[in-house]
Amino acid sequence: IQVIQNNLARLLSQKGSAAFSPEEALALATKLNEKTKNKNPVYLDTLAATLHAAGNSTRAAKTARTAVDLAIRKSMLPLAKAISDQVLIYEAAANQ
């Protein structure tokens, strides 16, 4: 069920999606990360994406950096690289 919740939050956070609803995406991702005690870098990445979609790019960048650190600690290096690329996008948006 957690994977489904994560995927739904990701879908709802994608601009251009017919289902775009950043507030609902953020609520889902927040609850999921609370349930997993912020220990899953994939779910933290989704939370960062939902924060960005909801207009909070500063917090998105911070959350994504946490996800990168956790992914590295779990030896999920391709994931860490992918998320670190997103950090740059969130930071750029936060500085506009």
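Biologist: What makes Lys81 and Asp85 a salt bridge?
Modeller: Their side chains meet at 2.7 Å, N to O. The cut-off is 4 Å between a Lys or Arg side-chain nitrogen and an Asp or Glu carboxyl oxygen, so the pair counts. The model is a predicted one.

Biologist: Where do Lys81 and Asp85 lie?
Modeller: Both are in helix H5. They sit 4 residues apart, about one turn of the helix.

Biologist: Why is Lys81 called partly exposed?
Modeller: Its relative accessible area is 49%. Partly exposed runs between the buried limit, under 20%, and the exposed limit, over 50%, so 49% falls in the middle class. Asp85, at 34%, counts as partly exposed too.

Biologist: How many salt bridges does the whole structure hold?
Modeller: The search finds 3. One of them joins Arg10 to Asp45.

Biologist: How do you know that Arg10 and Asp45 form a salt bridge?
Modeller: The closest N and O atoms are 2.8 Å apart. The limit is 4 Å, so the pair qualifies. Arg10 is in helix H1 (residues 2-12) and Asp45 in helix H3 (residues 41-53). They are 35 residues apart, and the pair links distant parts of the chain.

Biologist: Is Asp45 buried or exposed?
Modeller: Buried. Its relative accessibility is 12%, and the buried class is under 20%.

Biologist: What makes Arg65 and Glu91 a salt bridge?
Modeller: Their closest N and O atoms are 2.7 Å apart, and the cut-off is 4 Å. Arg65 lies in helix H4 (residues 57-73) and Glu91 in helix H5, so the bridge ties together parts 26 residues apart in sequence.

Biologist: Why are Arg65 and Glu91 called partly exposed?
Modeller: Arg65 has 38% relative accessibility. Glu91 has 29%. The class lies between under 20% and over 50%, so both belong there.

Biologist: Why can such side chains pair at all?
Modeller: Side chains of opposite charge can pair when their charged atoms come close.

Biologist: How many residues separate Leu79 from Ala9 in sequence, and what is their C-alpha to C-alpha distance?
Modeller: They are 70 residues apart in sequence and 18 Å apart in space.

Technical notes
Residues are numbered from 1 along each chain as its sequence is written. This is a predicted model: local features need pLDDT of at least 70, side-chain atom pairs count only at pLDDT 80 or more; totals for chains, interfaces and linings use all residues. Side-chain values use heavy atoms; hydrogens and water are left out. Helices (H or I, at least four residues) and strands (E, at least two) are DSSP runs, numbered from the N terminus. Buried means under 20% relative accessible area, exposed over 50%, partly exposed in between (1.4 Å probe, protein chains only).
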